[in-house]
Amino acid sequence: MEAPYLKLVPVARSQAEISKLCHNQALEQRTLFPMADSAHMVFLNTADLSGDDFITFLKDVSPSILIDLRTAPRFDYGKVNRRQAFKIFSEQEIKYIDVAGVMEISSKRDANLNPGLLVDFLNAKLTEPLRVLRGPVAFLFDEVESIMSAADVFPKYLNNHDKKKVWELFIK
């Protein structure tokens with residue numbers, strides 16, 4: 001049997017709790033998304049990602065918005081390259097946002113990549129006029145520490161366009 005694809009992670013209060021939750025087998029979700037929901041927030045660690053995993057992620061999750069929080073975005077995962085990735089974004093109508101590129105950030109140490117400092121920028125992107133979220137909001141990361149920080153901040157402070165729902169966080 002293949003390893004579970006995503007894990008449901010309730011918002012925790014500390015990095016230690018998040019780390020524990022990320023590795024807690026009881027929280028593993030056996031089916032991906034029975035129904036893509038715009039209240040789903042999905043974090044993907046791209047550090048050890050294969051091309052097939054990346055394509056499967058995009059097709060199964062089908063995010064409305066893919067927010068890249070890596071300082072050096074790359075899409076050369078096995079057989080996949082940047083051109084193919086953007087073709088999939090176009091075919092699936094995924095809005096891709098290179099945060100570091102837009103904000104002219106070139107170092108992982110730049111304070112502007114702090115999740116707390118990104119909230120206003122990301123809220124503006126999530127609530128742009130005429131933006132209708134038809135599916136989850138996905139984030140690309142390249143290190144676990146960034147995921148843990150974002151998991152503590154984003155579900156609490158990013159605006160969900162559907163005020164009746166709270167963000168449901170999934171980490172891959």
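Modeller: A salt bridge is a side-chain nitrogen of Lys or Arg within 4 Å of a carboxyl oxygen of Asp or Glu. This is a predicted model, in which local features need pLDDT of at least 70, side-chain atom pairs count only at pLDDT 80 or more, and totals for chains, interfaces and linings use all residues. Residues are numbered from 1 along each chain as its sequence is written, and side-chain values use heavy atoms, with hydrogens and water left out.

Biologist: How many salt bridges does that rule give?

Modeller: The count is seven. One of them joins D142 and K108, whose closest N and O atoms are 3.6 Å apart.

Biologist: Where do D142 and K108 lie?

Modeller: Helices (H or I, at least four residues) and strands (E, at least two) are DSSP runs, numbered from the N terminus. D142 is in the loop between β6 (137–141) and α6 (144–157), and K108 is in the loop between α4 (99–102) and α5 (115–126), so the pair ties together parts 34 residues apart in sequence.

Biologist: Which salt bridge has buried partners?

Modeller: Take R70 and D68, whose side chains meet in a salt bridge at 2.7 Å, N to O. R70 has a relative accessible area of 1% and is buried; D68 is buried too, at 0%.

Biologist: What about D52 and K79?

Modeller: Their side chains form a salt bridge at 3.5 Å, N to O. D52 is in helix α2 (residues 51–61) and K79 is in the loop between β4 (65–68) and α3 (82–91), 27 residues apart. D52 is partly exposed at 46%, whereas K79 is exposed at 66%.

Biologist: How do I read a helix?

Modeller: An α-helix has 3.6 residues a turn, so residues three or four places apart point the same way. In α5 the buried residues include L118, L122 and L126. The buried residues of α5 pack against β4, α4, β6 and α6, where contact means heavy atoms within 4.5 Å.

Biologist: Which residue caps the N-terminal end of α5?

Modeller: N114 does, with a side-chain oxygen 2.7 Å from the backbone nitrogen of G116.

Terms used
Buried < 20%, exposed > 50% of the residue type's maximum accessible area, 1.4 Å probe, protein only. Polar contact = N/O pair within 3.5 Å; in protein donor to acceptor, adjacent residues only side chain to side chain.
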